[in-house]
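Visitor: I am new to reading protein models. Could you walk me through this one?

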Amino acid sequence: MWALIENNTVAKVIRTPKAVTVNGIQYPRNIFTRWSKAELADIGIKPYREVGVDSRYYWQGQATTEIGDEVVVTYASTDRDLDGLKEGLLSRVKQQAASKLSATDWMVIREADGGKAVSQEVRDYRAGIRLTSDLLEGEINGIQTLADFIAYDNKQFKEVRKVKHTSEDGVETYGPETEEFTRIISGADARWPVDPLAEVDPAFVSLTEVV
């Protein structure tokens, strides 16, 4: 993006290359790709960028504009209410627990009606869901500062996956080579037990929190 500067103020923000008129002279859009920064600056056009706030955690306030070799607009920020943020995360944990449990509720109902018993594997999974929900809720309730909340909501994990290979016949195999990826996951979405009834991801090896 660029800004047209007139009388040391931003007269116009140019978000994409387009024809522009400066001091009565019309310039074609290709000046933004062919001209150097110095040539653009000579007619009052400078690179432009905005430094916003993360709206998940802050309210955006008044803008401050600094004009130098580039034009930088910085927005003031105000913290969002920590209790409200925690309540939103707690709600997400409870919703996830309820959704995961509902997938096997029919098995519990079937057993209660005299049908086939729920397998021990599923029983353990359901117990794990409740245990994880209680654990996560305790962690969230214990957060005391916005900085700690942001860190909790943006945990870094290392995921290891097997490399996929496809033969000339279209047969897919995985490994033995592996590759690593960095993933940012909210603490509210991590560490849930694996559903024993879910389809197995053939490439997945591990997901480990980086501490």
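Guide: Gladly! Let us start with a sheet: 3 strands form an open one in the order β9-β8-β10, and the pairing is antiparallel. At its edges are β9 (172–185) and β10 (204–209), each of which pairs on one side only. From one strand to the next, the twist averages 15°.

Visitor: Before we go on, what should I know about the model itself?

Guide: This is a predicted model: local features need pLDDT of at least 70 and side-chain atom pairs count only at pLDDT 80 or more, while totals for chains, interfaces and linings use all residues. Residues are numbered from 1 along each chain as its sequence is written, and side-chain values use heavy atoms, with hydrogens and water left out.

Visitor: How are strands and their pairing defined?

Guide: Strands (E, at least two residues) and helices (H or I, at least four) are DSSP runs, numbered from the N terminus. Two strands pair if DSSP finds at least two bridges between them. Here β8 (residues 155–166) and β9 are joined in the antiparallel sense over 11 bridges. Lysine 158, for example, has threonine 182 in β9 as its bridge partner.

Visitor: In what order do the strands of the mixed sheet run?

Guide: That open sheet of 5 strands has the order β2-β1-β5-β7-β6. Its edge strands are β2 (9–14) and β6 (58–67), each pairing on one side only. On average, neighbouring strands in this sheet are turned by 30° against each other, direction ignored.

Visitor: Which neighbours in it are antiparallel, and which run parallel?

Guide: β1 and β2 pair in the antiparallel sense over 5 bridges, and glutamate 6 has threonine 9 in β2 as its bridge partner. β1 (residues 2–6) also pairs in the antiparallel sense with β5 (residues 45–51), over 3 bridges; there leucine 4 stands opposite isoleucine 45. By contrast, β5 and β7 (residues 71–79) run parallel and are joined by 4 bridges. Tyrosine 48 has valine 71 in β7 as its bridge partner.

Visitor: Where do side chains point in a strand?

Guide: In a regular strand they alternate between the two faces of the sheet.

Visitor: How do I read two helices that meet?

Guide: Compare their axes, which are lines fitted to C-alpha atoms over the stretch in contact, with angles from 0 to 180 degrees between N-to-C directions. The axes of α3 (residues 82–102) and α6 (residues 146–153) come within 10 Å and cross at roughly 25°. That makes α3 roughly parallel to α6 (angles under 35 degrees count as roughly parallel, over 145 as roughly antiparallel, 65 to 115 as roughly perpendicular and the rest as oblique).

Visitor: Which residues make that contact?

Guide: With contact meaning heavy atoms within 4.5 Å, they are Leu82, Leu85, Lys86, Leu89 and Arg92 of α3 and Leu146, Phe149, Tyr152 and Asp153 of α6.
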